Every structure is written in C-alpha cells, then in structure tokens.
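Hi,

Here is the structure for your files. My notes on it follow below.

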Amino acid sequence: MPKDRLRIMTCPVQVEKELNRTYSINKKMPIRIGYAGRIDGLEHSQKRLDLILSFVMELENIGVKYEFSIAGDGRTRQFLLNELDTIVAHGKYKYMGRIPREDISTFWKQRDIAISMSDYEGHSISQMEAMANGAVPIVTDVSGVRDDIVDGENGFIISCGDYESAAKKAKYLADNRDRLSVMGYAAYEAVASKATWEEHMKFIYCR
C-alpha cells in the first residue's frame, strides 16, 4: 500500500500545551514508579501482575531506592496487596485505588517512571497518558509501543517477561537522575505531537 494513501489516527489523551512538572532529581529521594491499569489476574492475565511483583522484588534485590504507586482495581487487588506486604518494606508502596479519569494526569505527574509488564496490548492508553505527563515508560515490546517510544531516548522497551531488565532500567534512572527530565520531556513531546483532541478532530472532519 503506498504510504501517501494511508492516514493514521491516534486516540486522543489529555495533553497540556506545556509540560509543567518536577522529577526526583535528588538521589536521596526514592525514585517514583507507577502502575495504572486493571488488577485482574496474575500469570495468565494480559497485565502480568505476577511480573510486576517480580519486578518489585528485583528492585529490592539490586538496591534501588524507590516508591511504587498502584492505581486501579480488580478482583485480584487484595491478593496483589498482600503479596506486596510480604516483599516490600513499610512505606515503599502506595495503593491509590481507582483514580477518576480527570485526575490521571496528576497521578502521572507525581511519578518519574511508568511500568508495564503486559504480554499484549492494543495501543495502550495508559502508556500514552503516562508519557503525556512526562513519566518515563519502561514497557514490554507489545503492539503500539514502538509507535511512541524510541528505546533509550524517551523510554525503555524490554522483552516480554523480562522483569530483571525492567528493574535494571529503573536502577539506571535512579543512578542517573538527570536523565529523568531529558527522557520525560521527550516522552511528552512524542505524544503531544499527535494525541491531542485538536489533531483528532482535524483527522475526522478535515479530510
């Protein structure tokens, strides 16, 4: 198919004209990691929350100073929280519950990193929301990821199931705090350039 006959539409997310946020640049502070999505199932689920647990355990093993925040709900919520209680010291994780759509930007602006260990996706809206608010994505190599992320420039792409690499990327950012703002703003720009409501409406009505 000739490229000049193709048009691509990206689903819109809330994007500000200018990104206004801060990062955990002081190494004495924990690096702030976030997960937002369904909490529904473990090893046999799309979101692979069992690997999220393994990721957190690996952060502990390699000595990353972190704070892990979870937004979402689902039938395995209590099991996930119970497991975290067994592997994470008090105060290292926060469960935020289901966050209203209008507050999701605030959630991501208070996180340095967005983590996803999914086995498959469409084109993750949560990934785009995180990037639109300057969180650096560390995500598995699933559908839609490479539409937004250039590995090592505005995020990190890892193989499905590779929680150890995900933890190593988080440690890299924890050890190199200056990279947070560079990669975070690059993440914002990648989404802001194509995922606004204005661009969406132009696509629909201005053919």
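Over which ring does the charged end of R21 sit? The ring is that of Y23, and the charged end of R21 is 4.0 Å from its centre. A charge sits over a ring if NZ of Lys or CZ of Arg is within 6 Å of the ring centre and within 35 degrees of the ring normal.

Some ground rules. This is a predicted model, where local features need pLDDT of at least 70, side-chain atom pairs count only at pLDDT 80 or more, and totals for chains, interfaces and linings use all residues. Residues are numbered from 1 along each chain as its sequence is written, and side-chain values use heavy atoms, leaving out hydrogens and water.

Now the aromatics. There are three aromatic pairs (Phe, Tyr or Trp rings, the six-membered one for Trp, with centres within 6.5 Å; planes under 30 degrees apart are stacked, over 60 edge-to-face, the rest tilted). F107 and W108 are edge-to-face, because their ring centres are 4.9 Å apart and their planes meet at 75°. Both F107 and W108 are buried (under 20% relative accessible area with a 1.4 Å probe, protein chains only; exposed is over 50%, partly exposed in between). R111 also lies over the face of F107, 4.7 Å from the ring centre.

F156 and Y172 form another edge-to-face pair, at 6.0 Å centre to centre and 85° between the planes. F156 has 6% relative accessibility, so it counts as buried. Y172 has 35%, so it counts as partly exposed.

Best wishes
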